[in-house]
Each structure stands twice: as C-alpha cells, then as structure tokens.
Amino acid sequence: MPATENKGLLVFFYICIAVFSVICLVPFVLAVSGSLSTESRIAAEGYSFWPRGFSLETYQFLFGSKAEQIIRAYSMSLVVTVLGTLTAVLVTTAYAYVISVKGFRLKNVFAFFAYFTMLFSGGTLPWYLLSTKYYHLGDTLLGLFIPYVLSVFLMFLMANYFRSIPHEIVESAQIDGAGHLRIFFSIMIPLGRVGLVTISLFYALQFWNDFYLPLMLVTDQELYTIQYLMYNMMANIQFLASGNAAHVGGAIIAPPLETAKMAMTCLTVLPIAILYPFLQSFFVKGIIVGSVKG
Amino acid sequence: MNKKKGWISLLLSAVFLLSACSQGNNESANSGNVGSTGGEETTPSSTADSTKDNATLAPAKLKIVLYGDESNRMKELAKTEFYDVVKKEINAEVEFQFLPWTEYGGGKTDLMLSTGEDFATYTDTNYMVKSVAKGLYADLTPYVAALPDLSKNVDEASFTAFQLSGKQYAIPVGNKPNSAEFYSVLVRQDLLEEVGMTQVTSLAELEAFYDKVHAVHPELVGYAGTDARRMLLYDYTDQNLYWQNDFIALDESVQDDKIISWFETEEFKAYSNLMRGWYDKGIIPKYAATNVPQLQSDWNSGKAMIWAGTAARPFEGAATISQAVPDAKLVNYFLGTGRPKISRGTYSTAFFVSAAAKDPERYLMFFNLLQKNQELYDLFAYGIEGTDYTLDANGRLTKITTDSLIPDWLLMNKNFIRFDNTVPDDFIADYKAWDDGAIISKGAGFNFDNTPVKNEETKLNGVLTEYLAPIGSGFSDYETAFPKALERLKAAGIDKYIAEYQKQFSEWYAKQSK
Amino acid sequence: MIQEAAPGTPVRHSPGPKTSRIGRLRKSLRRDSSLYLLALPGIIILILFAYLPMSGLILVFKNYNYNDGIFGSPWAGFSNFEFFFSSMEDALRATRNTVMLNALYMLTGTFCSVAIAVILNELRSKWFIKVTQSVMFFPYFISWIIIGAILFSLLDYDKGILNQLLQALGLSQMDWYSSPWLFVVILVLANIWKSAGYGAIIYYAVLQGIDTSYYEAAKIDGASRWQIITKITVPMLIPSIILMTLLGIGGMLKGDLSMIMGVTFLNPLLLPTTDIIDVYVYRTAIRSGEFGFASAITLYQSVFGFILVLLANKLAGWYDKDSKLF
C-alpha cells in the first residue's frame, strides 16, 4: 500500500467518512433520546439530541404490557433470520455458481430465467392463493422465510464475486478431475468468502427487516416477528394519512405516541445494528472454518 | 433459438400447471357452495327453532377479523370467556384475528375474500358496493331471521343502508345518536372559559375564540383538521347539504331527487375562501398540507382548540386528551341552530360474511349475540365485572384495565351503553337528546353502482387529491387554482359521472316514494 | 497459488469429435448434470413463488369476480389500463417523474457508494473502517415513516430546525413542503443517506477481493495515491457498476411508494415532482378500490423496464461480453 505521500488526501478521506457516518448516526440519537423522553415534552417541543425530561416510562409501558409478546417476537425474528439466511445463502450461491461457470451453455438461460422474475410478477393475489391454499405456508415457520430464499439481486451479486475468482484455479481443479460439486464446495465457497459474507449480511437484514411475510401468511400470534409488531403500530399512521380512515365513521384510530414510535424503532434496529460488526467477523471465521473442513 | 424454446416451454408448462391447480380451486369453491346450499335445509324456516334450542346446532367454526391492535386482555378473553359464551350460546368456536388498519377495505382483507377464506368482518357502504360487484360478500338475506334480538336493538333504516337491490349484504351493528356527524364544532371548553368566553354560537365567535386563545397560547393550533365543510355549512349557504361522497351532495332542505356536483357550486367557492382565510390566519396550521396524522396527534395531546364534533366526542375525546391535559373539557356547538340535523342512520358499522363462508347463518347468530342483551353487551364491550370494571349504584362504569376488547365504538348501542363515571350528567343528557328532531337523509339506503363509470371515478380521485383537496382546505387559493382544477375535473369526466349518478339516484328515489 | 489471471480467456468445454446434435446434447447433459442439481433449489423457488403466480398476469386483462375464479372471469381487454392512459397528461408526468427520480437516485447513489468504497479501501485504521462501515449501514434499517418524521422536524414551517436557523440568521423562512423542485433535491439526499452505505458494502467487498499484487506493482512504478485510485481501483469496480446498473435499470419505472408516503405524506403541493407512477396509482386506483387497475399498471412498469434492460444489456455486451446480464 502506498505509504507516505499524499497525506493530505488521506486526511481528507478520513474526514469525509467521519462526517458521513455522523450524519447517518443522527436519527439514531434522535430515536434513542426520543424514546427516553416524556411524551408531553416531545409533543410540545419536538425531537432533540438529549432526552427531554428523561424517563423510562415508554419502555416500562411497552415491556409492562407487552413484555411477553416482545420477547417472543424477538426470538421469532432471530430464528427466522438464522434459518432464512442459512437456507438463502446455500440456494443463492449454488445458483450463482451455475450462471458463473465459464462455458456452460445454458448459463444465460438460467441467468435470464432468474432475471425475468425481478421484472415481472403476477401480483399478490395469485401469490397469496398459491402460498396459502397449495403450499400451505399459512401459519408455519417455513412461510416466514422460504418465499424469500432466492433474491435474484443478491444472486447476481454473488455470481459477480464468483466471476472475479481467477479462472485458472477452476481449470486446474478440472484437470485434476474435480466435478462441479467439488469445485463449488471446496474452491468457490472459500475463495468467494468476501462475497459470501456480504450476501449473508444482506440476507440477514432482509429477513430481520421483513414484515410482509408475517402480514400475509401469519395469523397465529406465536409467529409474529418484531418487525411485524412495529409495522402494526405504524399502520395507523399510514391509514390516517391515506384518507381511507374517513370511511370508518365512528372508529377512533389514534396514531401511536411519538415516544412509543421511537422506542419501537430502537427495539427493532439497535440489536442488529450493534451485533453487525460481530456478525461480520463471525461469518468470516465460520466460512474459513467450514472451508478447511470441506 | 434453442434457448428461447426451452424457456418458453418452461413457462407454458408452468401456466398449464397453475391452470390445473386453479381449476381444482374452482371446483372446491363450487363444492363449498354446494355444501352450504345443502346446509340450508336447516336454515331459513327452521332458524327460529334452532336458536332456541342450540343442541340441534351442528358445531361450527367462526373467524371474526377486527382491525387495530389486539390488547392483552382481549387475547385472554378471546380464548376463555368469549370463546365459552359463544360456544354455549350458538355452539360455535369463535376465533378473533386482528389485522393492521392498513388492511381495512382492501389489502389483506381483499386477498382473504378473493381466495375464498371463511370469515366475517366489518365494512362500510363504499367497500361493500365494490366487493359485492366482485361477488366477494355472501348474500345474507335468507338468514336475517337469525337476528331476533339484534333487529330489535338496531334500527330498521340501518339495515336498508346495507342492502343492494333488495339484498342484505351486511348486518349493521350499533345504535347511537349519529346525526349531524361532524356538523358541530367540538370546542375545548376549558380554553374558552380561560379567555373569558362562555359559548360559541357563530363563526365570528369561533374566530374570536381562536384570536383570544392564540394571544395567550401561541403554541396551540386552531383547528385539528383539514375539512370543515360540515361544521361551517351554516355560514356559507342556506342549503342543508349532506354529502354522498367527495363529489356529490344532496340538499336536504328540498324534497327532490336532484344531486349536486359539490365542487362546481358557488357554495364550494364560498367555503374555499373561508378556509383560505383560516389557513392564512393560522387557524389551520401550515403543516396540515403535509402531515395529516400530526393533526390527530396534536389534538390528542391537547395542542389544538377545536375539532369536528360528533354526539359522542365530548366524552370519547376527553378520555384521550385528559392524559395530556387533565382538566380538558370538551363541548359540542352546533352552529346551525334551528336547522334539522341530518343522519345517515344510527348504526356504528356493519359486518359482512365472506362469500366462501360455510355457514353464514351462524355468523349472523354471532352478530346477534353482540347486541342481544345487557349481559352479553357488557361482556363483549367491557369484560368481566370485578376484573375489568366495576359498576356503581347508578350503573356507571369504572374501568379497572385500560385494554380495549371488542372496540366499544363498534358495539355502541344506546340500549346498553354504560357511561364512565367521569362523564358529567349533563353530557349524558345532551348525548341522549342529540338525535331529537333529526331526520334521516333522503339518500340513506342508496348505494351507487360505479361499474359504468369506474374509469371516471378513479381519475376523479386523482384530481381530488391533487387539485381540489388543497383548495378545499385553503392551502391553495380558489381564484388562482380553481380554473385549472375545473379543467381537470372536466377532463376526468365529471359530467359523465354526475349524469350516471343522477340517473341511478333518480331511479332509486322514484322507487322509494312509491 | 495461481497469479495473474488474464480474465476472459475463452474456455473450451471441449466439444470432442463430431457427433450428432442429440448426441452432443446428451453428452453435455451428463457432464453438466451436477450443475442442474446445484441450480435446482433455486429453480424450484423461482417456479413456486415467481413463475406460477405469474399466470395471475392474466387478471390484468380480466374483470375479476370471485364466482368465476381467475380463469373464468370475463375478459376485459385493455380496459384496466384505460384510467391511466386516457389521462395522458397525468400518465406522462408520472412516468417522467419516476424515470427522473430513479435516474437521479441511480447516478448519485452509485457515485456515492463507489466513492465511499474507494475511500474505505484507502484507509488503514481497521477499527475506524469497521465502526464507520456499521454506522453507515444504520439508515438502511429505518423505515421511511420514521425518516419522514425526522425530516418533518427539520423542515416544518413554524417549528422546523432549518427555519429556526434561517430566522436566527436573519433570513426569511422557507416553505419547504410547497417547493416541488426543491423537494427533488431533498429526496435525492434522503436516498443517498439511506442507501449509500448499503451500496458501498457491495463495492468494498469487490475491492477486498482484489489481488494486492496489482497495488504493489503500481507502487514500485511510483504511482501516486490518486493515480492508483483512478487507474486501478475504479477500473476494477467497473464490471460491478455495470452489473448494478443493469440490475437497477429494469426497475426504472418502479417507484418507492413508501418513500414518498413517508417523506411527503403525499402532500398535494409537492405532486408536480413527486407524483411517481406508484403514487398516482395509489391515490387513484387503490383509493377507489380498483385493484385490477393497479396491477395493470404494474405490468406497464415491467414491460417498460424489460425493454430498457434488453437495450442496456446489448450496450453492455458491446463494451465487454462478460458484462452482459444474460
């Protein structure tokens, strides 16, 4: 790496990244401070970087009335994220390998077969009909991740990482008589680990952030995830903003309290945000260990 | 080329597979229908007997969908007392499912209906008309005999509101003073008294009230809403306008079948100018153009002076505001003194049953329970005495838990309602007398079939949300913005829409007067 | 280890002696059978959750009613598209806004993501990289509703922080929420803020996979830091940039309703620039409960995107055969 010259540029780089990071941090500080404020002062004075009238009331309220539900939703989210990510990474990398094999005559067909689904979709009605009536995914754990185990976007990303692996390595393995399965498991996966870590993280996020599958496929409260609880809460705001609320004459639909909104944001975001750096090194180690065994 | 062929054949086989599947689906849906018609042998005629003697009722499963947040207590009761009582009364296992509000009148509700799930939930006339056109609601006409108690406690007129060409598609629930909904001004009486006023009888006094409070509390917003055409009606017209939807109003002071294209009237102009004044003055806050939910939040947290009133809002609203402003007091002022109050009917809402329901009659028997007698009403609305609430000697309510059960706005029936012990007696007296002298709108019971003008209606909604709503709320100036808006209205086909509406309404109206 | 690949060498799956077409096919099937096996789970998922539901596209040309089912409902021809295309002015504006916003998002987003990735690649402090990388990822988690609430507290006319600042500086207040073109800038900034960190991780991962020997060689040649960035690092990212662009271009006509909902609350005064197709459909068709209309427009978005992708893919192929998506 270039060492001494151009110190100025390097300092400039550090400043750029630091400034952008601080800007990215702002809403979190606001959310944390909002969740620790009292509702009346937030309502009167708005958000601030420091809690207005410090109080744990919101959390006491949330955990007082919903502790059990929140904890169950957390564990559900965790299970779905772990199972979903593992399955998804396996399915995705395997497919990505296939479309990245040089000289495979159907690779473009497979690539197109996948890409087409990124553009065209039949809409929610047939999807819902098939998922509930024919695949019987309603109220099942599988239903909370199986539909999302192949993100075509991430699949292409992974194929891109695979393509950057020098082809000679594959060729020499082929000369040694290795089949595709062996090349995939013992060469591509370990060598593509940076890409693998990246898509694992993206998948983990996708599963953690998802509220759509629980909304569509789950009625059993045991299967609610934390994001779905969050969505449920925010749905009132959206409904009020949509103008449809006027049709429901006498119903009283109150938007959630500011503090509760902020507390829920903290509850859904902070765990994974804090875990993220650890997850990253965990994944890296896991893949190295796995590939040594393989 | 080869590649393409392979790909096409794959897609074809996929389509073929699904069509096979869905044929199966159709068959099963049909067989479901056959099953239910087969089940009908126990229905209309034998209904009366079967409710008397539920031992003859075969076990059934009911799914009731409700919107909003499910409270802990509701969750408990749904599995225990509610379940038991329904099982005992009508031999059905009832299950409650809560969906987020965004799924109301569309979203998942629509998916569940379209894919043939067996459930019931509440609706409005708007959603009903659309769904019935798609065949999504069960025709409940044959089963209304299963509602012996409900039909005693719910107005006849409420039933007609949910009929389409003589068929009953939803069962109204609730019976409460509903007239002049949003036609009165709900005023923070505590603020009114603070600035030395006692009451509000006119627009001028209302504005004076704002000015005085604004001088003392500049942080408060005036009106926590964007639509005041009803509460200010008496200040910009002598007609007694009653709106059928966003575009069409009726003049209730005349006995005729003429509909009014609201946006094209002089009244709309006068109203818009009034609202423009309010917006400029700050009675409607600047942010109202952007953040409608914020208005509701502000009202709830006691940061607004007035709101649109309904009969029940003085005490319903006070319950919310008092958390932020403990001594808040709300009073309704009807600015149209002497003019009749118009009512759409006394129902709160209405339940429909999905077309695929195996046993629609049993659903009706369940609705009947909701409005059957004091005992059941207390259970569904308030829970268990001693655990969830207590009653004092006058039958006034003190809630022990704040968890809501089956929402009480939904069940609210004047024959059974219990007032909270914090509600002053004069409020209750006002509430009970609210509907005195009220008249039912001449359009009540008319439901517009929009099929011939679907495109027009959809486009009109676009013009409404972009051009007309901001004029009506005073965000844009009538003089400058209206010509363009009118041009868009015409382009979207307002004339065709009005003509179609007029045609259907006249036909219906003629039948009514016979 | 093998070094210095010359990427792009054509590889022969040796065709062998001349055989009949069918024989060749059978042979390649046998040879590639393990590839089919690897792709199988993915194929199943795509069929189950994408291709089978796709037959629902037929609904776009039908008047759906429950009793007749998906296939039995009467044909409606193109009437479900009518509401959109018969008000040409709205259709054009919505299409223009969608393409404009997406193009801006794509340009600025890619630029920022690449810039961040390149800069991260230059930095030495491990903990700094780790911390900032995580932090920049944060916004991606926050729902637009929350972002909207925070923006509102910045931009509100009376109490917004920005207007209070302006006032403190002796300037007059700005009515942000009634300035449609200014709001384009705000949306673009919000989009960068929300997704640049996410994008940067993709590019940064590519850079981490680059053989360090390239850099060492350049260093020996006496290249400056800036030269290394422009001559080595950025060119290394070009295939990935092309890929991301190709993947994004298909969605050129698809807008993010939740973003506009969350950030503008569908403010009518901002519609001249924020009325993207999804918003238009939401406030017309979905508001009226005409869900068939809504899915018709989704098909329009897909077909338009599909044509763009086919073109872009051709273009990418001219630049470099390996960059093609399919």
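Tyr47(A) is in contact (heavy atoms within 4.5 Å) with Leu30(A), Ile42(A), Arg52(A), Glu258(A) and Met262(A), and also with Ala149(C), Ile150(C) and Ser153(C), residues up to four places away in sequence being left out. The model is predicted: local features need pLDDT of at least 70 and side-chain atom pairs pLDDT 80 or more, while totals for chains, interfaces and linings use all residues. Residues are numbered from 1 along each chain as its sequence is written, chains are lettered from A and ligands numbered from 1 in the order in which they are written, and side-chain values use heavy atoms, without hydrogens and water.

Tyr47(A) lies in the loop between helix H2 (39-45) and helix H3 (57-100) of chain A; helices are DSSP runs of H or I with at least four residues, numbered from the N terminus.

| Item | Value |
|---|---|
| Residues in contact | 46 of chain C, 54 of chain B |
| Buried area | about 3,900 Å² |
| Salt bridges | 7 |
| Residue pairs in polar contact | 17 |

Buried area is the accessible area (1.4 Å probe) that two parts lose on being put together, summed over both. Carbon and sulfur atoms give 55% of this area. A salt bridge has a side-chain nitrogen of Lys or Arg within 4 Å of a carboxyl oxygen of Asp or Glu; Arg93(C) and Glu466(B) form one at 2.7 Å, N to O. A polar contact is a pair of N or O atoms within 3.5 Å; within protein, one must be able to donate a hydrogen and the other to accept it, and residues adjacent in sequence count only if both atoms are side-chain atoms.

Conventions:
Helices (H or I, at least four residues) and strands (E, at least two) are DSSP runs, numbered from the N terminus.
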